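Subject: Structure handover

Hi,

Here is the structure I said I'd pass on.

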Amino acid sequence: MDELKVSGVNISDLKAEYDAVQYIVIKLGDEQYGIDIKFVDNIVRMQHITRVPKVADYLKGVINLRGEVIPVMSLRIKMELPPDEYTKATRIIILKLEQHGTIGVIVDEVKEVVALEDEEIEKVSYDGKDDRTNFVSAVGKHEGELISLLDLNAVAMENK
Amino acid sequence: MDVNQYLEIFLDETKEHLENLNAQILVLEQEPENADTINEIFRAAHSLKGMAGTMGYKRMQALTHDMENVFSEIRNGTMKVKSNLIDTLFQCLDALEEYTGNIQETADEGTNDNQQLIDQLNQFLKAGGAVEEKKPAETAKAAAEDVSIEKWKDIKLGESEKVVLSAARAQGKNVYGLTVFVQESCLLKAARAFLVYKAVEEKGEIIVCNPPAQDIEDERFDLDFSLLVISDCSLEEILQVTRNVSEIDKVAGAPYEFEGVTEAETTAEQQPAAKTAVAAQPQNAATPKANDKKGGGKPVVNRTVRVDIEKLDVLMNLVSELIIAKNSLVSASSAEGASGTGFKEQIEYLESVTTNLHESVMKVRMVPIESVVSKFPRMIRDLSKKLDKKMELYMSGEETELDRTVVDEIGDPLMHLLRNAADHGLESSEVRLQRGKPEAGSIFLDAYQDGNNVVIEVRDDGNGIDVEAVKSKAIERGVITPEQGDNMSEKDIINLLFHAGFSTAKQISDVSGRGVGLDVVKAKIESLSGEVEVKSQLGEGSTWIVRLPLTLAIIQALMVIVGGEKYAISLGGIQTIEDISPSEIKLVQNREVIHLRGSVIPLIRLSKELDIESSKSPEENLVVVIVKKGEKLAGLVIDELMGQQEIVIKSLGKYISKCKIISGATILGDGEVALILDANALI
């Protein structure tokens with residue numbers, strides 16, 4: 001199976017060094033988003049997704065992950081961005097959420113793992129008009145770049 | 001001793017005993033003089049008391065103790081079984097069930113003393129007659145003592161053991177023979193024996209153990225076991241430590257006399273003869289004893305292992321994985337045109353092995369439905385009193401087996417159907433007599449296997465379903481309009497009963513017609529991939545037929561292609577596959593139908609249902625899969641057939657549960673996921 005290890009990062013070392021939360025940095029278009037590593041079960045390459053009829057459009061279907069059938073959603077469609085174009089860099093991040101179980105999320109690219117300390121994270125004020133910010137709980141600053149930290153439960157929540 | 005590890009065993013066995021008691025007391029009500037039944041009841045009550053005592057559940061013990069006293073009086077013939085006594089006993093059983101329930105949830109029996117029940121029992125005892133309780137116990141004891149209790153004398157020594165014993169004697173050590181009798185009521189014989197074993201080992205060295213230590217550990221012994229011990233201690237000391245172990249009935253011991261190595265030859269010849277004679281004796285004595293107690297019941301030692309259902313689930317998953325792997329090998333071999341017959345042979349062999357393995361694992365998970373239905377006679381009895389109708393329940397096929405998960409779930413729906421039959425189905429006694437039916441109504445519960453399904457029928461000889469009453473009720477409730485009602489067939493109207501919020505009982509009784517309706521029964525059974533239908537004849541009774549799949553995990557399926565996507569349809573519902581030319585399609589009420597061998601079958605275009613473009617042009621012949629749901633037929637239009645395959649059902653998970661026509665997914669040989677179409681939901 002084509003699973004990928006998060007390359008070059010030794011997780012236990014990072015934990016020992018900082019008392020910080022680690023995020024996997026992904027790209028959607030030009031923006032960078034962070035996913036809390038404790039929810040990430042696995043990162044797999046793009047593979048054939050079996051379409052499931054009569055479900056919400058952002059649910060792309062199901063994949064086979066080591067014998068388990070896992071639903072996969074498109075983060076782009078959920079966030080009302082232009083639909084995915086699958087490239088060699090496209091990945092499916094397998095999330096394990098308490099409320100929703102195991103879900104795969106399609107992202108354009110997985111960049112790196114960063115550890116953000118409290119002072120590097122800034123809460124964003126909620127803007128009711130823009131749906132997209134509903135999924136972002138905070139913004140992290142890392143090496144001069146901004147990373148929008150995703151609220152995964154909001155991402156997984158069904159659209160009304 | 002920490003008893004927590006025995007809690008599960010305790011709960012299992014308590015439930016078993018309670019079920020047994022329920023069943024036997026019902027028999028007792030019918031045949032108050034049946035000695036076998038009385039003995040069985042006494043034995044079960046006694047075991048319950050012993051177990052509750054061991055586990056430290058004082059209240060439960062107190063109640064069972066008084067019950068046992070009552071049974072003892074009945075057994076002695078000093079007390080007669082009366083209907084009010086039976087009622088009290090059933091109340092006691094309910095109280096015990098409550099205790100058990102509490103223990104299961106909180107490991108504590110709760111604080112209900114049930115003093116009232118105990119008082120009632122004592123009143124029966126007082127009224128019942130003289131105290132002659134001890135007599136049978138004494139005679140039993142006397143009888144037991146007639147059989148030699150010094151069983152260690154029967155132990156046959158091996159050559160090496162003789163050498164050890166001689167050496168020990170030469171060193172001036174004592175050799176003792178011990179026979180330990182465990183109390184009959186003892187629950188964990190092996191544990192007790194182990195404690196004795198350990199206690200003795202502290203005092204000396206155990207040379208011989210009869211039966212062997214391994215058998216004792218596995219509880220493969222009756223009530224006694226014998227030891228030969230070398231020790232420096234006195235005999236009395238050793239006897240004392242063994243007596244200190246609880247639940248030990250008695251211990252016999254004496255210095256062991258044996259012949260030295262030199263005399264081995266002559267004794268060896270005599271001993272086997274003597275041994276068989278001695279061995280035969282207690283066995284003869286024991287067999288009739290065991291028989292009248294257990295009424296020809298279960299063997300002393302069950303050759304079973306209790307396994308956590310989760311472990312079986314893991315095993316089942318692994319087997320599923322294996323089948324998927326096998327399927328991919330099969331498809332790989334056919335795709336590459338497999339060179340050499342040897343390879344093909346091996347694959348066929350692998351196929352048969354995995355199929356057998358799958359069947360065996362499935363069988364392990366199967367349990368008889370008995371565990372569910374055994375509580376029904378009692379329920380019907382109670383209902384009979386409550387509703388003041390006379391009725392009898394006749395059951396057959398309790399040994400029919402179903403997957404454990406199904407059995408656990410099927411109890412409530414069946415109970416509901418039975419209650420319905422008792423409450424709505426059967427007429428009151430007067431009406432029955434007027435109609436020339438026997439006064440007591442009959443309810444039948446029949447279970448049997450039918451191909452890959454298990455069928456459970458609940459039948460009554462009551463009034464049957466009044467179609468007109470159902471219709472007017474449905475109209476009244478706004479379920480259908482009067483015009484609709486006129487156009488509906490009798491069958492469709494009867495099916496309205498399964499509609500949510502539908503209760504035809506004119507009076508809302510305690511028994512049914514409140515809350516849980518037939519719609520819930522139907523939903524539950526359908527969630528188990530089963531179906532329920534009803535047949536009824538007004539005035540003659542109705543039959544509710546519940547059909548359940550034998551297994552939930554792996555099925556035979558037809559693989560089809562619709563618009564380039566692969567789907568599986570369970571083979572169970574498929575009647576035939578037809579090749580239909582577009583000209584044969586007719587329109588009835590603006591719906592596409594075909595006329596096939598005398599029946600008109602509606603067509604369902606799967607491509608439309610699945611929101612996908614069919615890959616076939618409209619002029620081409622259609623491939624139609626004819627599926628059956630109950631009596632209804634429908635034709636599913638597909639693009640292409642792939643073939644038949646064994647598939648492993650995987651859940652889509654709750655995240656994608658909205659799609660009704662998809663019942664699950666499966667993983668194909670090439671690792672791809674295919675969805676399973678629920679033909680029942682399509683019709």
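First, the housekeeping. This is a predicted model, so to speak of local features I needed pLDDT of at least 70, and side-chain atom pairs count only at pLDDT 80 or more, while totals for chains, interfaces and linings use all residues. Residues are numbered from 1 along each chain as its sequence is written, and chains are lettered from A and ligands numbered from 1 in the order in which they are written.

**Chain A**

Chain A has three helices and 11 strands (DSSP runs numbered from the N terminus: H or I of at least four residues for helices, E of at least two for strands). Along the sequence they follow the pattern α-β-β-β-β-β-α-β-β-β-β-β-β-α. Of its 160 residues, 35% are buried; buried means 20 or more other C-beta atoms within 10 Å of the residue's own, exposed means 12 or fewer, partly exposed is in between, and C-beta atoms are placed from the backbone. Taking contacts in chain A between residues at least 6 apart in sequence, 54% join residues at least 24 apart (a contact is two C-beta atoms, placed from the backbone, within 7 Å).

Chain A has an open sheet of six strands, ordered β8-β1-β2-β11-β10-β9, with mixed pairing (two strands pair if DSSP finds at least two bridges between them). At its edges stand β8 (109-116) and β9 (121-123) of chain A, each with a single partner strand, so one side of each has no neighbour in the sheet. On average, neighbouring strands here are turned by 35° against each other, direction ignored (axes are lines fitted to C-alpha atoms, for helices over the stretch in contact, and angles run from 0 to 180 degrees between N-to-C directions). K123(A) has A138(A) in β10(A) as its bridge partner.

**Chain B**

Chain B has 23 helices and 22 strands. Buried residues account for 31% of its 683 residues. Of its contacts between residues at least 6 apart in sequence, 70% join residues at least 24 apart.

There is a six-stranded open sheet in chain B as well, in the order β14-β18-β19-β17-β16-β15 and again with mixed pairing. β14 and β15 (586-588) of chain B are the edge strands, each with a single partner, so each has one side without a neighbour in the sheet. The twist from one strand to the next averages 40°.

Some pairings to look at in this sheet:

- β14 (residues 574-580) and β18 (residues 622-629) of chain B are antiparallel over six bridges, with D579(B) opposite V623(B).
- β18(B) and β19 (residues 632-638) of chain B also run antiparallel, joined by seven bridges; K628(B) has L633(B) as its bridge partner.
- β16 (residues 591-596) and β17 (residues 599-605) of chain B pair antiparallel over four bridges, and I594(B) stands opposite I601(B).

**Where the chains meet**

The contact takes 17 residues from chain A and 21 residues from chain B. On the chain A side, β4 (59-65), β5 (68-74) and β7 (101-107) each supply at least two residues, and β4(A) has the largest share, with four. That side of chain A divides into nine nonpolar, six polar and two charged residues (Ala, Val, Leu, Ile, Met, Phe, Trp, Tyr, Cys and Pro count as nonpolar, Asp, Glu, Lys and Arg as charged, and the others, Gly among them, as polar).

**Cores**

The largest nonpolar core has 85 residues, and those with the most contacts inside it include I26(A), V105(A), I569(B) and L636(B) (a nonpolar core is a set of buried Ala, Val, Leu, Ile, Met, Phe, Trp, Tyr and Cys residues joined through C-beta atoms within 7 Å). β12 (residues 554-562) of chain B gives the most to this core, six residues. Apart from it lies another core of 38 residues, among them I369(B), L426(B), V458(B) and I525(B).

I369(B) sits in the loop between β5 (366-368) and α14 (370-373) of chain B. I369(B) is buried, with 25 other C-beta atoms within 10 Å. Not counting residues up to four places away in sequence, I369(B) touches E398(B), T400(B), L402(B), V407(B) and A447(B). I369(B) and A447(B) are 78 residues apart along the chain, with their C-alpha atoms separated by 8.6 Å.

Cheers
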